[in-house]
Amino acid sequence: MLCCYALLFSILWIVVWFLRDRRTLSSYKDKYVFITGCDTGFGNMLAKRLDKKGFHVLAGCLTQKGADNLQRSGSPNLRTTLLDVTNSESISKAVQWVKGEVGEKGLFGLVNNAGVANPIGPTEWMSIEDYRKVMSVNTFGVIEVSLAFLPLLKRARGRVVNTSSVLGRLSANGGGYCISKYTVEAFSDSLRRDMYHFGVKVSIVEPGFFKTAVTNLETIEASLRQLWDRMSPETRQSYGEDFFPNYLKVQKFIMNIICDPDLSKVTNCMEHALQAKYPRTRYSAGWDAKFLWLPISYLPAFMVDIVLATILPKPAHRAR
């Protein structure tokens, strides 16, 4: 009998969650959303889709070309500005521009989408500047932009959507990318709890592997080649000359087999976080995120280590 009650409760809970999850806001026409990193990829697609739904979209682009192209593709409700998330003065100018656009309404949505991936590779191949380069965008850019826009978000009882990654749950390679996404997870959790009493909601989107401008194979290969060429002869010898091409083969397999070209799987999550009456805390985007990386991240660490050590190429002069 107890099992029957437990099963009934579970079914009822799933039904209630499903119905609650489908409830959306009644109107978007008075909602202003600011998105970072809109030159290409997720941010560019999200800006266009929100524009078509009736949101007032304020898009931050790194380049003038990206801003002009996006401006021409949208309605008068889609406005663009230049934004470098690693530059405090640029962020301050963007905040002042947004204040002029939203007026007393405040900012309903902030989507921290801007990000970089390279350089990635074995940890020993990296320099401290490689870490700073990635984390200045993916970590401190997210934090500084969020802090700068909080007064406007509190005024509108709005919401923040931070783009993390499945590699913010499982550190599968060296470099600053995984570290930066771990920090996005931690920052988002603390921000969500601190903003709870102000009515500001915070969601995290954790995409799997997708084909974007920052994850294309040519860019990754060039980055890896640069890392390999600058290493000392002694370090390169410890890995062996076969290590680089074998490591590159693994990256090609990931790009060609695992990476998903359908970016809408990510923007769908971002849209739900902005238009749902009850946005989720976390969104997993992509089949590999749901059925591969996230389940693996819950395994004991020694099992994950064995799996990754088996998949990745082995140095020529490793410990026996």
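Reader: Which residues in α8 meet which residues in α10?

Author: This is a predicted model, in which local features need pLDDT of at least 70 and side-chain atom pairs count only at pLDDT 80 or more, while totals for chains, interfaces and linings use all residues. Residues are numbered from 1 along each chain as its sequence is written, and side-chain values use heavy atoms, with hydrogens and water left out. Contact means heavy atoms within 4.5 Å. Helices (H or I, at least four residues) and strands (E, at least two) are DSSP runs, numbered from the N terminus. In α8, Leu217, Ile220, Glu221, Leu224, Arg225 and Trp228 meet Phe244, Tyr247, Leu248, Gln251, Lys252 and Met255 of α10. By class, these contact residues are eight nonpolar, one polar and three charged; Ala, Val, Leu, Ile, Met, Phe, Trp, Tyr, Cys and Pro count as nonpolar, Asp, Glu, Lys and Arg as charged, and the others, Gly among them, as polar.

Reader: At what angle do helix α8 and helix α10 pack?

Author: Axes are lines fitted to C-alpha atoms, for helices over the stretch in contact, and angles run from 0 to 180 degrees between N-to-C directions. Angles under 35 degrees count as roughly parallel, over 145 as roughly antiparallel, 65 to 115 as roughly perpendicular and the rest as oblique. Helix α8 (residues 217-230) packs against helix α10 (residues 243-258) at about 160 degrees, with the axes 11 Å apart. The pair is therefore roughly antiparallel.

Reader: How do the axes of α6 and helix α7 cross?

Author: The axes of α6 and helix α7 (residues 176-195) cross at roughly 20 degrees and come within 12 Å, so α6 is roughly parallel to α7. Val142, Ile143, Ser146, Leu150 and Lys154 of α6 make the contact with Val184, Phe187, Leu191 and Met195 of α7. This contact has seven nonpolar, one polar and one charged residues.

Reader: At what angle do the axes of helix α5 and helix α6 cross?

Author: Helix α5 (residues 128-138) and helix α6 (residues 140-156) have axes that cross at roughly 25 degrees and come within 3 Å. They are therefore roughly parallel to each other. Met135, Ser136, Val137 and Asn138 of α5 form the contact with Phe140, Gly141 and Val142 of α6.
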